[in-house]
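Student: I have a structure open and would like to talk it through with you. Could we take it a topic at a time, with the cut-offs spelled out?

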Amino acid sequence: MRINFKQPIIILFLVSFLCACSKDDEVSKDEDSSSIVQKPDSFSFTARNDQPRNTLISSENITISGITSKAEVNVENGEYSINQAAFTKDKGFIENGDTLALRVLSPSNYSEKTSATIDIGGVQASFEVTTEDKLQDSVPEPFRFNSATEQTPSSQTTSNSITVTGINTAAPIRIVGGEYKVNGGAFVSTKGTVNNGDKVKVRIQNSAVFNSTVAATLFIGDVSADFRSTTGDKEKQVASLPFQGFVGNTTGGAGGQVIKVTNLNASGPGSLQDAIDQPGARIVVFDVSGVIDGDITINHGDLTIAGQTAPGTEGVTLHGHMYTRYIRDPDNSFGNIIVQHIRVRPPLGRKSQQDHDAIQFSSNNHIILDHVSVSHASDENIDFYTGAKNITVQWSVISFPRETPTHQKGNGLLNGPDGGLIAVHHNLFAHNRRRAPAIAYGPADIRNNVIYNSKEATVHHNPADGEFNIIGNYYIDGPSETLLPIWLDPENSNPQLSYYSFDNYVDDPNKPYTGTFSNPFLELTNYNFYLKGVVTADMFDNEQPIDFSKKAGYQPITTDSSTTAYQRVLKCAGAFPRDAIDTKAINDVMDRTGKYNGNKDPDLFWGSTSRDINTEDSDNDGMLNAFEQENGLAPNNPNDIHTILRGGRSAIEIFLEQRAVQIMGDAEECFE
């Protein structure tokens, strides 16, 4: 039987052909599907800022590239438009060369951002929209400064603090006629900006004359206010007493007998020690001038030592120590002592070579040192330790402490634990390594001192508490060591301290720092000026000098600017007539020369007993005939020393004051 193979072969060929055609059709469909998900070139939209709130915001149109046919489009948090057709948020397709824009609803709040995000084949881009800022308001609410009155001529006065309110953007600030500071910054006179809630103070330079008003005008935006400061009446500004500070109740020997020193012996009849030893209230005057070689001890109070009465041109120098009888119980201490125009310069060796003070009035209250010159101690030149209170040290020169190989301290003045109620003003501290001054307890007024060539100048150096005014002092770097103008080390972990600091001048070209400071934390940033973090910047936040007027017996201190104080202290401080040591100290300051321990063998004007010519005291009452005649007193009546002349003051008190003016050469600037 013959088999016919042609028909099956034809059938198989047809089946294979049809299958091949079917596979080609499937590939074509897959290729179309892959073109829908392909990725375009990257693209972006420009953000739109400062747009209206709650508004549909459209982007620019961009052109899509990099795809061969269609790509899938999805949008989130917005809408899109292809080829400027209607906006939609539904899924769609885009082709190469099509344009695309996004649209989003802007937020309803000011300064808020939103965005719409589009995805094309896995490539994403966002369109960001930020709403406009709130309407900017740089015009503050009205503000005012309290006027200041009874201010000291040539000083500076700071206003009360005002708070900027009513603005929601930075506002310009400027001043005419003064300076301003914002929050805790420094005072400036240049233009700046302030924000809502900022605190602003104004500072103004007072007139140089009495009864005169100056004003500064502060502008914030378009709002302004004046700060006015008026100097006081001359009769009110000049104190009725020559002593100022916490010593209004210190009378010394007023009302007591006048005792004359008639020789320069260390003890015995007619000596200074013998006059001091007399009972009761006593005023010690001098019929001789020169050097007393010996120590002096004061055993009871109610005493005035008036060195300005010494005749001749040499004054009185104590080549020794001046101490009060030491009493460990402050409740039983004595005081009421005034010392004027005396030099105290101890030799090495009479007391302990390791530790001795020149003037030591520890545990004694109501003390005035006025125009005293003191040097050459190996511990403190002046010591008020262990509870000494109600003290004024004024117009004095505190210089050249002696340093020994085993006792290198070189200290100026110390008022230690439980002290306070102390004023240290218009003094020269020269070549004191430390403690210029050291005061641990307030109330304390430290004003208008000139400090030269110190390492640690104004300090505590003991457990410290209380209130401190630090005003108008003048610190000068010297050749011996790096200056630290203020070194606040309370030595207790939680002191209750408060400071008012203002117009303190630093002349330190080596640090470098030259200029005034008020808050040392803000302005003395080049100095390590405190020992621990116990003293903090906010302790200096007092806006006005701390008011001590309610303290018993407080006499306000006539305050100079720091630069004026420099001139007046160098002209007027110390015991007069000036000796070689004070002259050297002052010249060192002016020339920036000298060193610690740099004056060991001074000329002490040994042994002079010269007298003034035509300075007769017929009744031996301590007042010169010429003074008595000028004031209607009887030169032959020794009992008129207590006659009240003017201002409630006795004849002898006024004589002593006029005598001080006379020996200082009637220098007008020293008694303004």
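Student: Which residues are linked in a network of salt bridges?
Tutor: R343, R345, D579 and D582 are linked in such a network, where a salt bridge is a side-chain nitrogen of Lys or Arg within 4 Å of a carboxyl oxygen of Asp or Glu. Before going further, note that this is a predicted model, in which local features need pLDDT of at least 70 and side-chain atom pairs count only at pLDDT 80 or more, while totals for chains, interfaces and linings use all residues. Residues are numbered from 1 along each chain as its sequence is written, and side-chain values use heavy atoms, with hydrogens and water left out.

Student: How many salt bridges turn up in the whole structure?
Tutor: A search of the whole structure gives 16 salt bridges.

Student: Where do R592 and D507 sit, then?
Tutor: Their side chains meet in a salt bridge with an N to O distance of 2.8 Å. The pair links distant parts of the chain, 85 residues apart, with R592 in the loop between α6 (580–591) and α7 (625–630) and D507 in strand β45 (residues 504–508); helices (H or I, at least four residues) and strands (E, at least two) are DSSP runs, numbered from the N terminus.

Student: And is D507 buried or exposed?
Tutor: D507 has a relative accessible area of 18%, so it counts as buried, whereas R592 is partly exposed at 32%. Buried means under 20% relative accessible area, exposed over 50%, and partly exposed in between, with a 1.4 Å probe and protein chains only.

Student: What about R447 and D445?
Tutor: The side chains of R447 and D445 form a salt bridge at 3.1 Å, N to O, and both residues are buried. In the salt bridge between E657 and R649, at 2.7 Å from N to O, E657 is partly exposed with 32% relative accessibility, while R649 is buried at 11%.

Student: Switching topic: in what order do the strands of the open sheet come?
Tutor: The order is β10-β18-β17-β13-β15, which makes 5 strands with mixed pairing; two strands pair if DSSP finds at least two bridges between them. β10 (148–151) and β15 (192–194) each have a single partner strand and stand at the edges, so one side of each has no neighbour in the sheet.

Student: How do β13 and β17 run?
Tutor: They run antiparallel, with 4 bridges joining β13 (residues 171–176) to β17 (residues 213–220), and the partner of I173 in β17 is I220.

Student: Now the core: which residues touch the most other members?
Tutor: In the largest nonpolar core, which has 70 residues, they are M322, F361 and L369. Such a core is a set of buried Ala, Val, Leu, Ile, Met, Phe, Trp, Tyr and Cys residues joined through side-chain atoms within 4.5 Å. Leaving aside neighbours within four places in sequence, F361 is in contact (heavy atoms within 4.5 Å) with residues including I298, M322, Y323, I337, V339 and L369. Another core, of 22 residues, lies apart from it, with Y80, I82, L102 and V123 among them.

Student: Which residues of helix α5 are buried, and what covers them?
Tutor: In α5 (residues 562–572), the buried ones are S562, A565, Y566, R568, V569, L570 and C572. Their cover includes β36 (428–430), β39, β42 (474–476), β45, β46 (513–517) and α6.

Student: What is the phi of W395?
Tutor: Phi of W395 is near 50°, a positive value in a residue other than glycine. Most residues other than glycine have a negative phi, and most peptide bonds are trans. W395 is in the loop between β32 (391–394) and β33 (397–399), and its relative accessible area of 10% makes it buried.
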